[in-house]
Amino acid sequence: MENTRCKVLGINASPIKGGNVEHFLNHALREAEKEGGVITEAISLRGLKISDCIQCNWCMTKQTADKPCAINDDALPILKKIRDCDVLILASPVYFLRLSGDMACLIDRSRCFIFGKEKPMALRGKIGVALAVGWSRNGGIETTLQSIEWGFKVHEMWTPSVHHAASFFGTGAISGPKIEKENKLKAMEDKQALRSAGLLVKKAVQTAKSKTFLSD
Ligand SMILES: Cc1cc2nc3c(=O)[nH]c(=O)nc-3n(C[C@H](O)[C@H](O)[C@H](O)COP(=O)(O)O)c2cc1C
């Protein structure tokens, strides 16, 4: 870490304001803060323009610290925050048994940190945590978590797991099984998920704080 504070960045890829993913992510960030020496920030992709990577390869020859990617859209400031954080929490709703399109586009855009001229493999050694909320227990939470974690792996990032919380590929929460008009935040009643997410992010922060052994 560049300074003594561990920067935890959480990104929420749900289009629903005040929805399950937003609350689940905020819970995880509050748990991270309990570790002390932590600065958290939550970003929502709702309403933002996040184009997909077009493989123009501009980043390979023209990237600067201030402009990691050629595409001038809302992903640009977010990419810089990703580059500058210690722990990255990516939180997605489950859509069609996988991560949301916005989250997929953002992960694709992070390719500029693989081959980037400014610093190749710029995310190497950072800690990644995947969170997901789906309507049903067996309806794609694990595939969503895995696709996020595989993104971390491409960057040579590290991912914690907590065996006794059954969090091996991040943590998923359930917002179903039926939509109740008066309670649309069922994920916040998923006690096992809340506990697991807390344990996972705390381990992520602890690992980031002691990660001299993880860096180059
Ligand atoms: C387009 C779309 C596809 C969805 N596909 C799935 C799915 O495959 N499995 C599932 O469990 N839930 C699915 N859901 C339900 C959402 O994952 C669920 O409502 C979740 O709570 C969304 O998080 P949010 O409340 O923050 O928006 C889908 C929802 C939408 C809008």
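Me: In what order do the five strands form the open sheet?
Reply: This is a predicted model, where local features need pLDDT of at least 70 and side-chain atom pairs count only at pLDDT 80 or more, while totals for chains, interfaces and linings use all residues. Residues are numbered from 1 along each chain as its sequence is written, and side-chain values use heavy atoms, with hydrogens and water left out. Helices (H or I, at least four residues) and strands (E, at least two) are DSSP runs numbered from the N terminus, and two strands pair if DSSP finds at least two bridges between them. The pairing here is parallel, and the order is E2-E1-E3-E4-E5.

Me: Which strands are the edge strands?
Reply: An edge strand of this sheet pairs on one side only.

Me: Which residue in E4 is the bridge partner of Leu 88?
Reply: E3 and E4 run parallel and are joined by seven bridges. Within this pairing, the partner that Leu 88 finds in E4 is Gly 128.

Me: How many of the residues of E4 are buried?
Reply: Buried means under 20% relative accessible area, exposed means over 50%, and partly exposed lies in between, with a 1.4 Å probe and protein chains only. In a regular strand the side chains alternate between the two faces of the sheet. Both faces of E4 are covered, with Ile 127, Val 129, Leu 131 and Val 133 buried on one side and Gly 128, Ala 130, Ala 132 and Gly 134 buried on the other. The number of buried residues in E4 is therefore eight of eight.

Me: Within what arc do the buried residues of H3 fall, seen down its axis?
Reply: The buried residues of H3 are Ala 75, Leu 76, Ile 78, Leu 79 and Ile 82. They line one face of the helix, because the arc, taken from the directions from the helix axis to the C-beta atoms, is 160 degrees.
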